[in-house]
Amino acid sequence: MKRILTLPDCRALLNVLYSFGMRRGSSTGWKCVDEHYTVAPGQLTVVTGWPGSGKSEWVDALLVNLARGDWRFAVYSPENHPIEVHAAKIMEKWVGMPFGEGPTQRMSYPEVLVAEEQIGARFGFIAPPEEAPLKVEDVLDAAGEYFLRFGDEPIKRGVVIDPWNELDHLRPADLSETEYISRVLSYVRGWARNWKAHVWLVAHPAKQRREEGKLPVPRPDMIAGSQHWWNKADNCITVWRDYDAQTQEVDIHVQKVRFKHIGRIGATTLNYDRVTGRYWEPRREGNVIYSMVDAA
């Protein structure tokens, strides 16, 4: 049944908005990123980047930062299968020490047990079936069931689908790829708004094309399908790094922000630590940028 709302119907919420303002979303954990992007419930963020750029690692690091607050997450990440390996990577970011043996001191077993309890209370991992990939509706249904476990707890909800191409995309014969993409993204965005959850969709660009010897910063409309990746998303983020440069620098390009109180278009740089999987803000003094500083 269609509903028509008038301003008197919305007066109470409008008064709250006027009294308290249009608040920004939750902090990402990096001040330089917060200048461009914060995380609000009920939105869809598309994350893209060339293979190996670190987009999945960055999303995981973002979730860890948010999970230190009141956010809880349902994660579908077939590329990080098996789940225990993905959980170990998240624990590294949580503790700030490697999980396995190596030249750097690893976390102790008591630290593993504490991290396991803390991560277990904040993350639910949706297992990819062996026989066939899940449809996007299946992933969101599983996420909804997970969030119901928290009952009336005052949590914020987040869902990660990483990557898009690991979903079942058997589209109806009467739909073109463009029409299918439009319909599915509308469904995901509608689900996010209905559940007041934030959904991150990670998707690869269609083709790699070098410009002046380097891969360019890909745009959301370079993802296979259509311009709808840009149109339907509330926020679009590209993770980019220079493959030829031997540095830890990773550029975060915020290419679309639908609502100005959430952020603004722009780019910033983080440093990646391969040992722990964490990302750090560069420390700036005047015109000098130092390599790594804990952003926490």
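This text looks at one helix pair and then at one lysine in a predicted model.

Two packed helices are described by the angle between their axes and the distance between the axes. Here the pair consists of helix α3, which covers residues 55–67, and helix α4, which covers residues 83–95; their axes lie 10 Å apart and meet at an angle of about 60°. That angle makes α3 oblique to α4, and the crossing in which α3 passes α4 is right-handed.

The residues that bring the two helices together can be listed from each side: α3 contributes Glu57, Asp60, Ala61, Val64 and Ala67, while α4 contributes His86, Lys89, Ile90, Lys93 and Trp94. Sorted by class, this contact of α3 with α4 comprises 5 nonpolar residues, 4 charged residues and 1 polar residue.

The surroundings of Lys256 can be traced through its contacts, which, once neighbours within four places in sequence are left aside, are Trp230, Asn231, Lys232, Ala233, Asp234, Asn235, Cys236 and Ile265. One of these, Ala233, is 23 residues from Lys256 along the chain, and the C-alpha atoms of the two residues are separated by 8.2 Å. The side chain of Lys256 reaches the backbone oxygen of Ala233 at 2.7 Å, which is a polar contact because the pair of N or O atoms lies within 3.5 Å.

Technical notes: Residues numbered from 1 in each chain as written. Predicted model: local features only at pLDDT ≥ 70, side-chain atom pairs only at ≥ 80, totals over all residues. Heavy atoms only, no water. Axes fitted to C-alpha atoms, helices over the stretch in contact; angles between N-to-C directions. Helix = DSSP H or I, 4+ residues; strand = E, 2+ residues; numbered from the N terminus. Parallel < 35°, antiparallel > 145°, perpendicular 65-115°, else oblique. Left-handed = near helix turned anticlockwise from the far one by under 90°. Contact = heavy atoms within 4.5 Å. Nonpolar A, V, L, I, M, F, W, Y, C, P; charged D, E, K, R; others polar. Polar contact = N/O pair within 3.5 Å; in protein donor to acceptor, adjacent residues only side chain to side chain.
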